[in-house]
Structures are given as structure tokens and as C-alpha cells.
Amino acid sequence: MSPANKADVVDRSVFDGLLDMDDDPVRREFSRDIALQYCHQTKGALAEIQHALRNNDIESLGRLGHFQKGSSAALGLRKVQSTCEQIQHLGRRIDKDGNALRLSDAEILVHLDRLVRELFVVNREAENWLREFFKF
């Protein structure tokens, strides 16, 4: 992954703030544990997102997008956060400014399908970045 792509994956100001909470800057037990928890929790969350999409459950996708947005934001995983925010908005049937969407459920599901596929890609990038950084 090129340096430009790495910058897209992680907001270093947020991530560095997390690293500042470590008692030992070499062992990094606190931040490493949070990263590991994120990776484990995300597997289940992505399975739930896929299940909701297969069942055309727009509301659940909005809720799950909100949950993953918060988890990824805590680590500064900007691409994941952005994609989850878009899923959240579509699931709530609103645009980024909070205005009601004028799309049918079928149209919303087409957009959600694309975003869920994108989420799997950007989450893989984020997890690879975390694994490389923490060497796990």
C-alpha cells in the first residue's frame, strides 16, 4: 500500500490520540487490544450487515452502519467510517444533510448493495493496516 493510500485508510491524528493512551509506548497493550477487538467484532458486524442486505432490511442496515461508523471512528479508520456513514444515512432514508430521500426501497437497496461491497474492501484495507502496524 502506497503512503498516499495509507493516509486515506487512517486519520493519524485520531489514531495517534489512541496511541497516546498507552502506558507503554513500546508494548502498546491498550491500543493493540482495541485494534484486536475491532477486528474480531467487525467479523460479526459484517456478517450481520450481509444478512440484513440479503433480507432487504434497510432499517437494520442503517443501525448497523451507525454502529460500525462509531467503532471505526474510534480508531481513525476514515474510509470505513465514511462508508458506514453512507450506509447509516441510506438505512435511515436521509441524505448527508438529514433531508428525506426521494428514493424507492429498491433504489436504496441498489445503493446499499454497492456500499456493502465497498465496505468489505475498505475494511480489509483497514484491518491489514492495523495488522501491519501492531504486528498481529
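How many salt bridges does the count come to? The count comes to 11 salt bridges, a salt bridge being a side-chain nitrogen of Lys or Arg within 4 Å of a carboxyl oxygen of Asp or Glu. This is a predicted model, in which local features need pLDDT of at least 70 and side-chain atom pairs count only at pLDDT 80 or more, while totals for chains, interfaces and linings use all residues. Residues are numbered from 1 along each chain as its sequence is written, and side-chain values use heavy atoms, with hydrogens and water left out.

**View 1. Glu-127 and Lys-43 form a salt bridge.** The closest N and O atoms are 3.9 Å apart. The pair links distant parts of the chain, with Glu-127 in helix H6 (residues 105-134) and Lys-43 in helix H3 (residues 29-54), 84 residues apart. Helices (H or I, at least four residues) are DSSP runs, numbered from the N terminus. Glu-127 is buried, at 10% relative accessibility, whereas Lys-43 is partly exposed, at 49%. Buried means under 20% relative accessible area, exposed over 50%, and partly exposed in between (1.4 Å probe, protein chains only).

**View 2. Glu-127 also meets Arg-131 in a salt bridge.** Here the N to O distance is 3.4 Å. Both residues lie in helix H6, 4 residues apart, about one turn of the helix. Arg-131 is partly exposed, with a relative accessible area of 28%. Lys-43, Glu-127 and Arg-131 are linked in a network of salt bridges.

**View 3. Asp-113 and Arg-117 are joined by a salt bridge.** Their side chains meet at 3.0 Å, N to O. Asp-113 and Arg-117 are separated by about one helical turn because they are 4 residues apart in helix H6. Asp-113 counts as partly exposed, at 32% relative accessibility.

Definitions and conventions
Helix = DSSP H or I, 4+ residues; strand = E, 2+ residues; numbered from the N terminus.
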